[in-house]
Amino acid sequence: MTTATQEKQAIPFSVFVLGGLTLLGLVLGIYRLAVGLGATSNLSDHYPWGLWIALDVFLIPAAGAAFTVSLISHFFGRDDYHKVLRPAVLTGLLGYASVVAILILDLGRWHQFYSILIPSRINLHSFLEEVALSVTLYTMVLILEVAPTILEKWNLRVPIRLIKRGIMIVAGIGILISTIHQSSIGSMFLILEHRLHPIWWTPILPLLFLIQALFGGIAMAAIVIKLTQQKMRMPVSENLFVAMGKLIRVLLVVYLICKVGDLLLTGELSLLFTSGVYSVLVWVELILGVLFPLGFLFSKLGKRADGVFWASVWIIVGLFFNRVSVGWIGLQAPAWATYVPHWIEIFSSVGVIAGAMLVYVIAARLFDLFPEHSHKVEGEKI
Amino acid sequence: MQIIAALTGTGAGAGVLFPSQSLAFTKLIARIIQTEINTKYAVPPPIPGAKSGMAIDLGLCIGCRRCSYACKRENSVPDTISPPYIMLMEIDPITLRRGSSILDEHGNGLKNRLMYTKLRKDKEYMPLQCNHCEAPPCAKVCPTKATYKDKDGIVMIDYDKCIGCRYCMVACPFSVPRFEWDEVLPRVTKCTFCSDRLAAGDGPACAEACPVGAIIWGTRGKLLAEAKQRLADNPGEYEDYIYGEKDGGGTSVLYLSHVPFDKLGFPELDSEPVSDLSEEAGVAILPTLFVGAPLIMAGAYYLASKRIQED
């Protein structure tokens, strides 16, 4: 049920930009599937993994908005998180859909993608299989979680009721699958000890990735919810953002202790100063993504929604640097081999992400993402 | 015999003009003869079904690339799509820069440039192909079990299952698998130990083609014995190490070398299989996750709710 405040607004320019980028991405994606990887990427035998894999490794924790908010609202019983569940879950669904789209672009034999689902072929020793399988399953779970929002519009009560009854089980399975694959993307890199630079490689990489998914997911949720509430001229849930900020900062501290502690215990702390470009990258990801946000969140800014918003933006920037480092730049190749992403790699990926944003913007207008707010009088503080 | 006669004749003629080189050349001839004998008589044919392997004596390799040619012919490897599965690598012993001098930027083979690139005195040469590891990391990480080690010990790829994710390429400590980048539906390619020939009782094409017997094949046990024998028989000629005996959990392709292995770009691996890294660490982390993660969340929740009450 839409509120009186959601007036029919003119289509903003940004939607046209997103639409154009999405269309370009779609055309490039089809072209890439039609002609193969050689003409559409700069990947090579020395750089078999590049931008696409790195983006997937980044988008998975960013899409963790769904499982974190789900966990807190359903299993910790927090009503304030429950009110913003829908935009968080939608963000998650669109994030995972982007991951699958970019993965298809990257797979050389994409026409046999179904192989990952066939039981006789499933290799549980392979963490990539765990990731691919659980991402596929989790996307289906998220579709179920988003379904009531869409089905409401056509008043399809029976399916809605069925889903809502099973929501705890569905959400529970989703959270379990999420925990497994958020850490499994880290585990994927364990066997690459000979390739991944020691400044990132560690046996606790899966744990670090999971903690990043927790605070990254909440940060992403904070960003999306703040923007949505602002654009839709709804009052911003100040108290909720403050609560999110407090949770994020605890997780950031835990992450920092684990990351630095690990380097210290393995005698690799000096790598932070002696590894050239790699050292710089780690400093960037720690300063922008952890220390800067911690500064925000422990100061007066942390008591305001836009303070938490900006801290979250920096967290996502730092996360981006970290995942692109682990998934691409930190993977060693012979010094004389080079890889710079092809423009088709870049614009096809941009197109996928623009498409996800476009769908979100359209969904926010067509469907009710804040049902509990709809019943409140405008202006009342949530 | 004709080859040896011609070589001896040339050697005799050159020996007058170039004394020091002719000594080295004579030594080479002697070793070729010795190896001919070794190959024919010291290594019995493999027992069907037993683990097959190869042994490569880098002290003998003269860089002629006949192995590459034979591999291309045998496996119908197109010139422009991918290099032969056995590649002659040219290694700079100082920078360890390794190349085959016949590849383009995608790592694909260039037409007609296989054989006639001059060999250089300041470089080392060695054939590189899949080492058919005992515990292959490529098979461990393949999501769809497309890569597997078959009953003969050969690491094979089933293209009906392969999704082209290239995890095997990243996981291989020797960077062996190559990808058909210019194909629409590409395959990951590597040495298949000429599995068809093996089924007929013949060895791989490269072993047959090698004129100096640098590549021999047989059961792994017998090859190890042969390698140890050569080390014992030729003290000071080789590095006292058989690469692949235990490295990375052991490989089915063993190497002897006359120069230190790290000068040739061989990675230093523990005797624990690389694949174990994935299992051990992963399993160890599970208790941490399933206990640690809920604890973190519960703690954070407690702190956050306490703070809200204070506000």
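Visitor: Is T136(A) buried or exposed?
Guide: T136(A) is buried, its relative accessible area being 16%. Buried means under 20% relative accessible area, exposed over 50%, and partly exposed in between, with a 1.4 Å probe and protein chains only. This is a predicted model, in which local features need pLDDT of at least 70, side-chain atom pairs count only at pLDDT 80 or more, and totals for chains, interfaces and linings use all residues. Residues are numbered from 1 along each chain as its sequence is written, chains are lettered from A and ligands numbered from 1 in the order in which they are written, and side-chain values use heavy atoms, leaving out hydrogens and water.

Visitor: Which helix holds T136(A)?
Guide: T136(A) belongs to helix α7, residues 127-151 of chain A. Helices (H or I, at least four residues) and strands (E, at least two) are DSSP runs numbered from the N terminus.

Visitor: And what does T136(A) touch?
Guide: Leaving aside residues up to four places away in sequence, T136(A) touches F113(A), I116(A) and L117(A). A contact means heavy atoms within 4.5 Å.

Visitor: Turning to the whole chain, how many helices and strands does chain A have?
Guide: Chain A has 16 helices and 0 strands. Its radius of gyration is 21 Å, close to the 21 Å given by the globule rule for 382 residues, so chain A is as compact as a globular protein of that length. That radius is taken over C-alpha atoms, and the rule is 2.2 Å times the number of residues to the power 0.38.

Visitor: What share of chain A is buried?
Guide: Of its 382 residues, 59% count as buried.
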